[in-house]
Every structure is written in C-alpha cells, then in structure tokens.
Amino acid sequence: MGTIMKDNLRVYKIWAPMDTLWVEWAKPVLFANAPRSNYFSLNIPKIEWISEAAKDTMIILDLPAGEGVETSLALAQLGYRPVPLYNGVYGPNNSDMIVKVEHLVSALYRGAEILSTLQLEATAPPVFMLDSNRMEGSGKKPGKYDNRWCVFPQDMPSASYVKENGIRKVIVRGDEIKNDLSHILKRYQEQNIKVYLSRDNADIKEINVVKPSGFKSLLYRFGVITGLTRNGTGGFGGKIPEPTQSSSGGRYYGLG
C-alpha cells in the first residue's frame, strides 16, 4: 500500500495542470480536504476495449467511486488526459454523507503520484471522470450530509469546442447513459459527433441518445438544483438540519 500525498493544492495541480487544453473543466471540489487515511492502494485495470489514444476520441468514464480514477490512470498510460469532474463535497463525516466518497478521494490523492510520472501532451485527448453514484441515495434526510450532485452542459466543453479541437467521437464507459449526461451527449450528437457506449465486458457500440425531458429548457437546471443542496464554494453538499421543537409543541426544520 502506498503513502497518500496530502498537499491539497499540489495534488489538484497534478490532475489539472494549467498548460493543458482541458483544464478549464477540472473541478477542485474534492481536493479541498485530504483523505483521512494515510495509506491506500490502487488496482489499475488493463484496458482491453481500446488499444491506444486517438486524437479524435474523447472518453467519459461514468464509473463508481475509485473505479473511475483507476480506469483514468490506465487510459493516461495510453496517452489520454484525465479530467476530474467530481462536484460533490467530501463532508466532515463519511458515514453521514449520502454519496460515499472516501474511497474516491483516497484514489485521487494516491493516483496523483502515478499521474505525475507520466509525460502527457498538453493537447492529449481528454478522459472526463464522473462518479456513477452521484445521484444515488434518498434525498434530504435530516442529519445527513447531502452531497449528491449532477453534471450540467456547462460542466463539459461545448460541441463546437470539442470539434474545434479535433474530437469527432465520444465513448462513454459505464452501464448506461444517465439522464444528466444525456443532456450533454444529445447536444454533441446534434453537431454530428458520434456517441458510443462501452459496457463492462462488451464491445463499443454506437448509440442514439434519446432526447431527455427538459432538453435545452431554462427550467431544467433550476428544477434539478432545487432538489439538491448547494454550498458557498459552488459545489454540491451541505448538512440537512434536524427538526427542532417549537415553543408551541409543533415541529419545524431550521434553515441552514
């Protein structure tokens, strides 16, 4: 098991070096707090569904917890540039968090040491990293830390930007196309960027992304955010207040 690097800013800069093409979309939220454990081991998989980095291909990993980090490092060894899009806060107590991210944060910090040894081109094609568990778990339970989150079209490069930089196809590695991601992928597909899905132990297959409800609607983002908990840092995450007893004997929920 390797020792985890604990320098927050240094770790973030390894994952998001300023001179690279896709750094604008890297999220700093999970790098705000170092993992609690000092040791963590990674299991970097052997990539069998692609053989090399292709300049015209962007990859989106929609995988659970640390699996996405481990797969991104395997792809980095092929020449892809990992870009962490994780936007849910690492709360003060992992047991209280709706989305468990302790393993994910440890993988990011441990993985920084491996990533720092790779000589990636500044214009290397991107592999964007999402946690497939980001919306798992029930909503705003009192006493819980609601760090559920989702990805919006503004969180990833536009279709015109990826085309300007030579991207002509997108491969999603995951079990399915989740609703929030479909709002992005449908925009790509409308601009003649081909979209493929690669499930575990399955071939890469081109898919037609179904137009999601509220597609390109101004109300879509508002409706999603209303059901989640934002915080002052711009990320998702906050403690849901416990109900308190009013002087009249009724119950109310404090604001926080």
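How many of the 11 residues of helix H2 (residues 66-76) are buried? The model in which this can be asked is a predicted one, in which local features need a pLDDT of at least 70 and side-chain atom pairs count only at pLDDT 80 or more, while totals for chains, interfaces and linings use all residues. Residues are numbered from 1 along each chain as its sequence is written, and side-chain values use heavy atoms, with hydrogens and water left out.

The answer is that 10 of the 11 residues of H2 are buried, and the helix is mostly covered, where buried means under 20% relative accessible area, exposed over 50% and partly exposed in between, for a 1.4 Å probe and with protein chains only. Helices (H or I, at least four residues) and strands (E, at least two) are DSSP runs numbered from the N terminus. The buried residues of H2 are Gly66, Gly68, Val69, Glu70, Thr71, Ser72, Leu73, Ala74, Leu75 and Ala76, and they pack against H1, strand E3 (57-63), E4, H3 and strand E5 (126-131), a contact being heavy atoms within 4.5 Å.

Among contacts between residues at least 6 apart in sequence, 79% join residues at least 24 apart.

Val170 is found in strand E7 (residues 169-173) and counts as buried, at 0% relative accessibility. Leaving out residues up to four places away in sequence, Val170 touches Met58, Ile60, Leu185, Tyr188, Ile193, Lys194, Val195 and Tyr196. The C-alpha atoms of Val170 and Val127 are 9.6 Å apart in space, and the two residues are 43 apart in sequence. Ser132, in turn, is found in the loop between E5 and strand E6 (145-146) and is buried with a relative accessible area of 13%; apart from its neighbours within four places in sequence, Ser132 is in contact with Asp62, Leu63, Pro64 and Lys178.

A pair of aromatic rings is described by the distance of the centres and the angle of the planes. The structure holds seven aromatic pairs, counted for rings of Phe, Tyr and Trp (its six-membered ring) whose centres lie within 6.5 Å, with planes under 30 degrees apart called stacked, over 60 edge-to-face and the rest tilted. The rings of Phe31 and Tyr109 have centres 6.2 Å apart and planes at 40°, so this pair is tilted. Because Phe31 lies in the loop between helix H1 (8-15) and strand E2 (39-40) and Tyr109 in helix H3 (residues 102-115), the pair ties together parts that are 78 residues apart in sequence. Phe31 is buried with a relative accessible area of 5%, and Tyr109 is buried at 0%. Elsewhere, ring pairs link Trp22, Trp25, Phe128 and Tyr161 into a cluster.

What remains is the space that the atoms leave open. On a 1 Å grid over the protein atoms alone, a cavity is a set of points where a 1.4 Å probe fits but cannot get out, and a pocket is an open set with protein on both sides within 12 Å along at least five of seven lines, lining residues having an atom within 4 Å of a point. Grid points are joined across faces, edges and corners, and a volume is the space filled by probe spheres set on the points.

The largest pocket has a volume of about 510 Å³. Of the 25 residues that line this pocket, the closest to its centre are Leu63, Glu67, Arg173, Arg199 and Asp200, and H2 gives the most to the lining, with three residues. The second largest pocket has a volume of about 150 Å³, and its lining residues include Ile14, Pro17, Thr20, Arg81 and Leu115. A search of the whole structure finds one cavity of 30 Å³ or more; the largest cavity has a volume of about 40 Å³, and strand E4 (residues 81-84) supplies the largest share of its lining, four residues.
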